[in-house]
Amino acid sequence: MSGVVVQVVINGILVGGFYALMGMGLNVIFGVMKIVNFCQGELLMVGMYLTYLFTSTLGLDPYLSLPLVAIIMMCLGAVIQHGLITPLLGAANDSNLIFMTVGLMMLMQNLALVLFKSDYRTVQTGYSLKNIHLLGQVVSLPKLISFGVLIFVTFLLYAFLMKSETGKRIRATSQNPIGARLVGININRMYILSYAIGAALAGIAGTLLLPFYYVFPMVGATFTLRAFVVVVLGGLGSIKGAFVGGIVLGLLETMGAFVVGPQFKDSVVFLTFLAILILRQHLVSRAR
Amino acid sequence: MTRVGYLRTFFVELSLLAVLLLVPFFIVAPYILHVFIMLFYVAMLAVAWNILGGLTGQFSLGHAAFMAMGAYASTLLLIKFNVTPWIGMIAGGILAGVTAAIIFYPCFVLRGPYFALATIAFAETFRNLFTNWEMVGKAQGILLPMVDRSWYNFHFSGKLPYYYIGLGMLLVIYGSFAILERSRLGYGFKCVREDEDTSNAIGINVVKYKLLATFLSAAFTAVAGAYYAQYVRYIEPDLMLGGYSIEIVLPAIIGGIGTVGGPLLGAFLLMPISEYLRVMLGNVIPGGHLIAYAVILIVIIRVKPLGLVDWLNGLKWYRQLSGAKLGVAEAVKK
């Protein structure tokens, strides 16, 4: 019994790491521009397909394709931000921003459907099926490697935002765009950079997921919603919060599946999400 | 708009209705009638969504759940209790309306994108529950049995009856919206959309108005869903997928959110394109029509953020014909 619980907890933490990475990507975009990016999961899907292409055509190991995917995703993110989203910022109603990202979501999903059909694809590596023992439990090796890389990426992001000059500019823009402009920060450039970072984080999550997960055009939908759950759990705009939120969501999901049965785990996740979202808003409006 | 303006708009609407009434006399190809039937269905959904999303400013991206609720309610009543879908349709509408009001009530504190997120989460929860619910056929859904073809069973041979029923239902829903839009209630909805705090200050009970808008919007959506179930005769939990919720919203966004004619215009533009692409590319490019939707959506948002109605009102001949006024932005430009 206790062995099962340990297994559930380990799985929860390993899955939670991905939700955390997705949530952080969403959070960087939201924190800086206050827009809710509905196509975050589709960016992950693009990252997965890129990794798949690098591995199947060039024979590159998925983990080695990581920097390539990150760079391509940064460029894609920059193009989306500069061409489609920046022109809408500052308009009176923010509804068009929502539907712009919804439109991008549909576009990416269906382009993937056209290009790759609806088949489930994955990559096989020498270590795909290897397991190692940890705390008396069997854990799959690729999951563990991915989790390690993921922690490293989180630290890099945190250090970048907190310590580097550019990171400080991004944070300044997120705190007060007008003030940031006054002290000479090019805020449009910061917007492009933050969307590029958000897209790159989603792409990295995709690469790390592929060695033990499969990719199909609709794979993003589950991850978009869960990324939002993470952000609401951990607090908008907070990197640390997103990381903790991701792990909590992973634990919640695996524990929930263990308690009420795996077929109802989605309901557990979404109902918890709704409860937290609504309670938090009530508390905020009461505090005012 | 002036009284004469309204009369002129009414004249445009009547001519459109006349054309639609006459269509089956000239076109008998079942496929074309099918396209029109799906057009009526999509337009009904978009107009119904527009009550909550357009007039009241609460963007629901979970309306597919209410559509499916109407479809399931009318179907189950017919199969288990042999209740005619005409009553099932109304029962489903009330059920979905009340359910929507209950589950959206706590969400009304959320604004903008957060409300949209909450509605997505609700729709996904419903889909998850329906997928695992024995009585509603689980993931396989329900295939409607072959019953006698009669008015009682809402089952006909040929597409013509569905065409006129669909047109009639669209007329009722569209008419309700047009009346609502310039009624006291409608002004209340718009007031809530523009500024909740000010609405509160001038004595509008914001929560009550949002509840009413939710009820009406979800109820009409469910009625359209019941029509869909009786026409297609197969329903499944995947009808609640987020993609369908977005397809409900698209015509309203593309046509002009919050306007009377917008969702109709959007549906008239999108449905023929989508059906044409489905036929031409269906086997080669399965998602082709959705790519077209996405591109149209992105282009409209970039070029005409207020939708096609705004573009139409910018045309001189249309203004003279319908008595519509220039959009505010356009008027300022001139």
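What is the mean pLDDT of chain B, and what percentage of its residues reach 70 or more? The mean is 84, and 93% of the residues of chain B reach 70 or more; pLDDT is the predictor's confidence in each residue, from 0 to 100. Where pLDDT is low, the predicted coordinates should not be read in detail. The model scores ipTM 0.85 and pTM 0.86.

This is a predicted model, in which local features need pLDDT of at least 70 and side-chain atom pairs count only at pLDDT 80 or more, while totals for chains, interfaces and linings use all residues. Residues are numbered from 1 along each chain as its sequence is written, and chains are lettered from A and ligands numbered from 1 in the order in which they are written.

I turn to the interface. The contact (C-beta atoms, placed from the backbone, within 7 Å) takes 36 residues from chain B and 34 residues from chain A. On the chain B side, helix 5 (113-131), helix 10 (242-255) and helix 12 (288-303) each supply at least two residues; helices are DSSP runs of H or I, at least four residues, numbered from the N terminus. Helix 5 of chain B gives the largest share, twelve residues.

Next, a residue in chain A. Leu113(A) lies in helix 4 (residues 95-116) of chain A. Leu113(A) is partly exposed because 19 other C-beta atoms lie within 10 Å; a residue is buried at 20 or more, exposed at 12 or fewer, and partly exposed in between, with C-beta atoms placed from the backbone. Phe216(A) is 103 residues from Leu113(A) in sequence, yet their C-alpha atoms are 8.0 Å apart.

Finally, Met44(B): leaving aside neighbours within four places in sequence, Met44(B) is in contact with Met169(B), Leu170(B), Ile173(B) and Ala224(B).

Technical notes
Contact = placed C-beta atoms within 7 Å.
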